[in-house]
Structure formats: C-alpha cells, structure tokens
Amino acid sequence: MFEFELILKQQPTRARITGFSNDRRVIRPTIVQLVAREDSHELKILPEAVARSLLCAIFLIEVEPASKICTDSTGYDKNAALRSQDNLLGNAISSVHFLHDLDMSRGMFFVFSDLAIRTPGKYMLKCCLIDLSSDKSRFPVSATVFSKPFPVQSPRNYSGAPAHSKLARHFHRQGVDMKIY
C-alpha cells in the first residue's frame, strides 16, 4: 500500500482577473510534486500502472472577497466554495507527468498551466490527489495541499505578471504545454 504526499513546488503569488470576456489572463503555472512512500521508503517514481490511476484536482477557495458578502448568523458564507469554483477557468485536473527536476532527478509532477480567475479578491488553491483505482464507489482523496493566499486584481491595480520560474521553463523544455513568454 502506498502513502502519498503533495508538495507545492510553484504557486501563484498574484494574478490579474480574466473577467467574463474571451481575453483569458492565465496565472503562472501551479506545479505540484507527488511523493510516494511504500513501507516508509520514499519512491522517486511509481510503477506506471499505479501512477496513471492518480489525478490531481485543483479547487479555488475564496479567502477574502473583494466586496462584503452576506453571511448567516455564524459568519460563514455557505455559497463561497460554489462561487469560487465558478470563478476558476481552465483545466483543473492534471494527470501525472514524469519529469526531471532542476537538479535533474526524475520525479512525478502535476502541472496546472492554464488556470484563470474571473473576479478580484484573495484566494487560495486546494490541490487534492485522487486515486481512480479505488474499489470504493467514491474515489478517495489520498493527499491534500493548500497554496498560500494570493491577490487577484483588476487591471488598474495589477502590478504585472511575475517572471516565469526556472522550474516552469525547465518543464516547458521537457514538453509540458504552457505559455512561456
């Protein structure tokens, strides 16, 4: 039996809103490393049949809305999660990529390169590892990791896109589809 851990290798620090037009402003790629252990021994690479049954799903969590929201008596906004997912555009599911890290060690990574967010606010990303080989009727979440909160701003307040990281450029050279400019 395998135990899994997700490690955020790269996460957004800021983003510009996409709005509701066709002009999609993607956030810098989110890169998640998969670490697997079997009997307390770390495995750099899983057997391909096992790795191919794993997916990583990403969810948008609204930490601080740009405007006040009506909440119930407990102060909890029950619709925040639903509203956040409606704000997320792009491919929120990734299969595993077998890639070389910057130190040239082989590893397993999930890359989210075309995500965009429609409305301003402060958000976090929640990354969940899902095992499709489970015998259960529901697919269990085998590991979870959260990004740090980051602002999503209107064009007027946006200070510009951060430069692409060495890791993103390195993965792009290995064939991962992402916009590098």
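A salt bridge is taken here as a side-chain nitrogen of Lys or Arg within 4 Å of a carboxyl oxygen of Asp or Glu. The model is predicted, so that local features need pLDDT of at least 70 and side-chain atom pairs count only at pLDDT 80 or more, while totals for chains, interfaces and linings use all residues. Residues are numbered from 1 along each chain as its sequence is written, and side-chain values use heavy atoms, with hydrogens and water left out.

Three salt bridges are present in the structure. In one of them, the side chains of glutamate 5 and arginine 37 meet at 3.0 Å, N to O. Glutamate 5 belongs to strand S1 and arginine 37 to strand S3, and this pair links distant parts of the chain, 32 residues apart; helices (H or I, at least four residues) and strands (E, at least two) are DSSP runs, numbered from the N terminus. Relative accessible area is classed as buried under 20%, exposed over 50% and partly exposed in between (1.4 Å probe, protein chains only). Glutamate 5 is partly exposed at 32%, and arginine 37 is likewise partly exposed, at 27%.

Aspartate 101 and lysine 9 form another salt bridge through their side chains (3.3 Å, N to O). Because aspartate 101 lies in the loop between strand S8 (97–100) and S9 and lysine 9 in strand S1, the pair ties together parts that are 92 residues apart in sequence. Aspartate 101 is buried, with a relative accessible area of 11%, whereas lysine 9 is partly exposed at 35%. A salt bridge also joins the side chains of glutamate 48 and arginine 52 (3.5 Å, N to O). Glutamate 48 counts as exposed at 52% relative accessibility, and arginine 52 is partly exposed at 46%.

The nonpolar interior was examined next. A nonpolar core is a set of buried Ala, Val, Leu, Ile, Met, Phe, Trp, Tyr and Cys residues joined through side-chain atoms within 4.5 Å. The largest such core has 32 residues, and Leu6, Leu34 and Phe110 have the most contacts inside it. Two or more residues are given to this core by each of strand S1 (2–10), S3, strand S5 (54–65), strand S9 (106–112), strand S11 (121–131), strand S12 (141–146) and strand S13 (150–153). A second, separate core comprises nine residues, including Leu99, Ala168, Phe171 and Met178.

The contacts of threonine 30, under the same exclusion of neighbours within four places, are Leu8, Gln10, Pro12, Ile58, Phe110, Val111, Phe112 and Leu125.

The structure holds zero disulfides, a disulfide being a pair of cysteine sulfur atoms within 2.5 Å. Cysteine 56 is in no disulfide, and the nearest cysteine sulfur, that of cysteine 127, is 5.0 Å away. For cysteine 127, the closest cysteine sulfur is in cysteine 56, and the 5.0 Å separation is therefore too far for a bond. Cysteine 56 is buried, at 0% relative accessibility, and cysteine 127 is also buried, at 1%.

Key
Contact means heavy atoms within 4.5 Å.
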